[in-house]
Amino acid sequence: MHLQDMNEVANFKKGSNKGCADNNLNYPPYTPKILDEVMYSKTLCMDAKQAWGNHYDVHSLYGYSMVLATEKALQQVFGGNRTLMLTRSSFPGVGKYSGHWLGDNAANWNDIKWAIPGMLEFGLFGVPYIGADICGFFDDSSEELCRRWMQVGAFYPFSRNHNAQGYKPQDPAAFGPDSTLVKSSRHYLRIRYTLLPYLYTLFYKAHTTGETVVRPVMHEFYSDSATWTVDHQFLWGKHLLITPVLHPVSQHTQIQEINMPWSFKCMRSLKMYFHDSFVYVYVFSRRHPMGLIVALDDQNQAAGELFWDDGDSRETVKLGNYIHYKFSVVYGVLTMQVTHAGYKDPNALKFENITVLGVPHPPMSVSVTHVSGVTRAKSTSTLPTTNIQYDGAKKVMFLQGLSLTLGETYLVQWELELKENQRFDCYPEKDADEAKCKARGCIWEPSTMEGAPWCFYPQDYGYAATEVSSSDSGMTVAITRNKKYRSSGRPESPDIDTLRVEIRYHSSNMLQFKIWDPTTERYEVPVPLSVPLTPETDESKRLYKVEVTQNPFGIQVIRKSTGTKIWDSSVPGLTFSDMFIQVSTRLPSEFVYGFGETEHPTYKHNLNYHTWGMFSKDQPPGYKMNCYGVHPFYMGLETTADAHGVLLLNSNAMGERNTHKGTRMLAHPEHMNWQYMHIHHMQMQPTDPCIADLYKQMRAAGIPYDVQYADIDYMDRQLDFVLDPEFEGLPALVDQMRGEGMRFIFILDPAISGNETSYPAFVRGEAADVFIKWPKSISDEIVWGKVWPDYPNVTVDESLDWDTQVEKYRAFTAFPDFFRAQTAFDGLWIVTCPVFVHGTVGGKCLGNPLLENPPYMPPLESEHLGLNHKTLCMNSEQILSNGKKVRHYDVHNLYELCLNVTNKRGIVVTRATYPSSGKWAGHWLGDNAASWDQLYKSIIGMMEFSLFGIPYTGADICGFFNAAEYEMCLRWMQLGAFYPYSRNHNGKGNKRQDPVAWNSTFSEASRAHAEGNTVVRPLLHEFVNDTTTWDIYKQFLWGPALLITPALDQGARSVDGYVPNARWYDFHKAKEVEVRGQMLNMPTPLDHINLHIRGGYIIPWQKPENTTYYSRKNPLGLIVALSDSGSAKGSFFWDDGEGISK
């Protein structure tokens, strides 16, 4: 250790023993308010010469220059060993080499107070190793003052008891071995030494990111103006609040209450608060076992980190000779993730004990999973109950005897009995009360938890297994309803007492189960599943095991490697009736993604008893509004960073409800096909002169532009296959565009007008009997609707309200039944099957009224108007390709699934989708609005449709409804360049919003685009072991290697984006980003979108042109982004761009 004292320069004489010359340096025109108001007081004359200049100019740098010289000397003497330097005089920059003490203070109550703002200021100055002379340098200290100072001084980063010669001793021992001061000092210094790894990690953060070690409360709670003047409390990092006693004869101290959860510990007068949502590391010495203190926040989450090296060598961070952990607690799982393992401690240190603060209930069990650093293989063990203690009064859980090796990754999971979260809703209808609840045999108990059902099932409500038969390929189970309870309370839909269950082991990582009534033939979804032809009969190869519980009956699917139950329906509430089926399951974590199509505000679902309806509808995106498609598929992330997917193969109207521990569902687990389709840039405008002008302007501006769309305006009176006279030049324009490498796509609606005197589309359809009709037992007539086509020879008065326009001007329309074998269309832009009347013309649906308003109505948009709202009557009859007759009630969600394709590659873009649509079609996210929130919601939508197996997805750039605003449209064009399906599209009556409709600056910024064969995916797909990525939905990836971080807010000129733990390069600058595993503020001027390439990957590229037709003729290239090890990999697919792969 080297101590530099009196290096200001300090001089016991004024200037020199000869005084100082009378000149402008020693006596400048203005003298600041300094000591003695003389420049050379207690220092050298200002005209003294130094190598850096006149002492007048460099006086304040003297201590800094001495620090630099001392650092060189220490390096020469000690070489690679770490040293410690302290300087009393400082200047910006000394904190890189030296610590600092606050000088020669005095033993008084004022100076103990002053030391805290002094430390906080030096934290701002970049000198984190800071402290004051404990108990004071000058004067004699009283026992009370010194005791209080030893308490707070234990939490100075530089902690030293120091006084001047001639004053009485003030070290703790001087007050006697049995004194209160000795006992208090020992206690708080032991806490300091216990928490030294935490303090050490704070210094690592200060070294690598510039964070403060000791910091004011306002740095963490700056939105709370009350903290702006707090200077008698301070924090260690973000998470340890220290509130010392700074007044004589004080038993209590005034505490600034902070609006955050804190775990309070009062230790012999000094008050310490562990900030919830943090993990602390402690050690008794560098050779003793380590441990963690976990302080949970209101969401039962926490995070922290640990830096560890040999404690002696220089440049361990630069050389990588250290261990770094990231800790996180989410949903009862502590993840101890090693992010760097460049050092092996010779003492074979282990984490022995973990203390968790804020655990609401005692744990039912605790498991520990070890994750191998190389193979990522996992081994799980259960912690013996003797190693688990729980303090119910303090809500603290103690885990002991863990022996977790330092430098290895672990997952520690505890299961809690959360009673209110275990409730499964027995009365999902909206008019529940106690009488109705008990009439179903259920329990009525009010709850204070928001959204929790007050009416819920008893534990044995449901079915019981009466016969189980197992084989190598699966299981069959007979189950019987527990009749001690009444029926499910829907007399129009009686319960079925006896059911069969079949479980099939399709492959090592795929299984399927089916529940059905063996006595009655029922409708089943006519969508073929891509499952192996032969089951996986070798139990050792299956990644899962299946167990059946008897009462209540349930299926448990368990991941062998971790013991996690990824499906557990052994809960009450299984209901199976003619028109209402309910299955519930516990979820392994709160991280659930998928279920569509509806607008979600985040990618990860909110599990606080929220319900989403699923029933396809012509409904623009909106919160909890069922939209165009139905995708009863979800991906669940387990707390071990493993993932699973579940497909609920059902095409009827559904309601899906998520809680912290359960979700209602019918499930047949099934992997979705992931398909590849090309990237295009598209535009839409109304008339062929406008299209021609747009085409010329886009080409002149150099905007990448592959496909031109024609919306419904090109049709005469919106009649399919009939060209409007205003578009008589369109065929020639299309031929011209095709000849120049463009593509042209037309929209077709499935509604065929029946009010024409001579309309081949209707005549041929009627002759072939392809239109949807009523069941013959009721009527042999077509089920007439109304959509876009107008009556012949009418002029639409658009000043009338919408319903009046529909009634007066819209023609009767028939809908082709695409299930029939004789009905087929080639590639199209397809809109959902909307009907502008409800059910049929006149609104009277024939047949069973329960089909329109079933006993249980899922939470759908306008549910009070019935399932037939804005679509056909549910009793309409359709005929499958095998001749089987089915109700629209059953196949409504499948209407636009049944398409044939040509023998040449084409594009089918559909608004309504269902699982497997991605095999044939792309999808746009519907009629969105020109608003800022739609930018980030489009990212969520794309990531969800990637989950659903439809990678060719995008939103209408700049919005369909309402007028677009300049900045929003520009940001949307930047984002939209990275939609797989990229189209600028707006509705009738709005001004143009294509890139050349604004100005040259907009056009220039819109040229930014990328070439490559990739699809959208969330960050968590590539960095699943980093739990931070599990909540990210405003950034996304193209494949594994290109990170897109767009600006999504009005006025934003910088973006906070997460940089996952990998090597990354700025795409625009070809420069490595020196940040990993943390948020980064990225400058984002108006003409810029942030793109980063992941190290270790090779991306193919091609010199771009305005269309891919010409781009394909240009030379190819590669971008090679090297990883830390200097390696990279990639793949490249190329074909003729037109043929269909077999």
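Among contacts (heavy atoms within 4.5 Å) in the protein chain between residues at least 6 apart in sequence, 66% join residues at least 24 apart. The model is predicted, with local features requiring pLDDT of at least 70 and side-chain atom pairs counted only at pLDDT 80 or more, while totals for chains, interfaces and linings use all residues. Residues are numbered from 1 along each chain as its sequence is written, and side-chain values use heavy atoms, with hydrogens and water left out.

The secondary structure of the protein chain consists of 18 helices and 67 strands; these are DSSP runs numbered from the N terminus, with helices being H or I of at least four residues and strands E of at least two. Of the 1142 residues, 56% are buried, where buried denotes under 20% relative accessible area, exposed over 50%, and partly exposed the range in between (1.4 Å probe, protein chains only). The protein chain exposes about 49000 Å², and carbon and sulfur atoms supply 52% of this area.

The structure contains 6 disulfides, a disulfide being a pair of cysteine sulfur atoms within 2.5 Å. With bonded cysteines counted along the chain, the pattern is 1-2, 3-4, 5-7, 6-8, 9-10, 11-12. One of the disulfides joins Cys426 to Cys442, with an S to S distance of 1.9 Å. This link is right-handed, with 65° about the S-S bond. Cys426 is in the loop between β25 (409-416) and α9 (434-439), and Cys442, 16 residues apart from it, is in the loop between α9 and β26 (443-444). Cys426 is buried at 1% relative accessibility, and Cys442 is buried at 7%.

A disulfide is also formed by Cys845 and Cys873, whose sulfur atoms are 2.1 Å apart. The link of Cys845 and Cys873 is left-handed, with -80° about the S-S bond. Both Cys845 and Cys873 lie in the loop between β50 (829-830) and β51 (877-879), so the pair ties together parts that are 28 residues apart in sequence. Cys845 is buried at 18% relative accessibility, and Cys873 is buried at 0%.

In the disulfide of Cys958 and Cys969, the sulfur atoms are 2.0 Å apart. The torsion about the S-S bond is about 85°, so this disulfide is right-handed. Cys958 is in the loop between β56 (956-957) and α16 (966-976), and Cys969 is in helix α16, 11 residues apart. Cys958 has a relative accessible area of 0% and is buried; Cys969 is likewise buried at 0%.

Cys146 is placed in helix α4 (residues 143-153) and is buried, at 0% relative accessibility. Beyond residues up to four places away in sequence, Cys146 touches Cys135, Ser141, Asn161, Gln170, Phe175 and Leu181. The C-alpha atoms of Cys146 and Asn108 are separated by 9.3 Å, at 38 residues apart along the chain. Thr1027, in the loop between β58 (1016-1017) and β59 (1036-1038), is buried with a relative accessible area of 15%. Its contacts, leaving aside neighbours within four places in sequence, are with Ser328 and Thr335.

Definitions and conventions: Areas by Shrake-Rupley, 256 points an atom, 1.4 Å probe, with all protein chains shown as cover.
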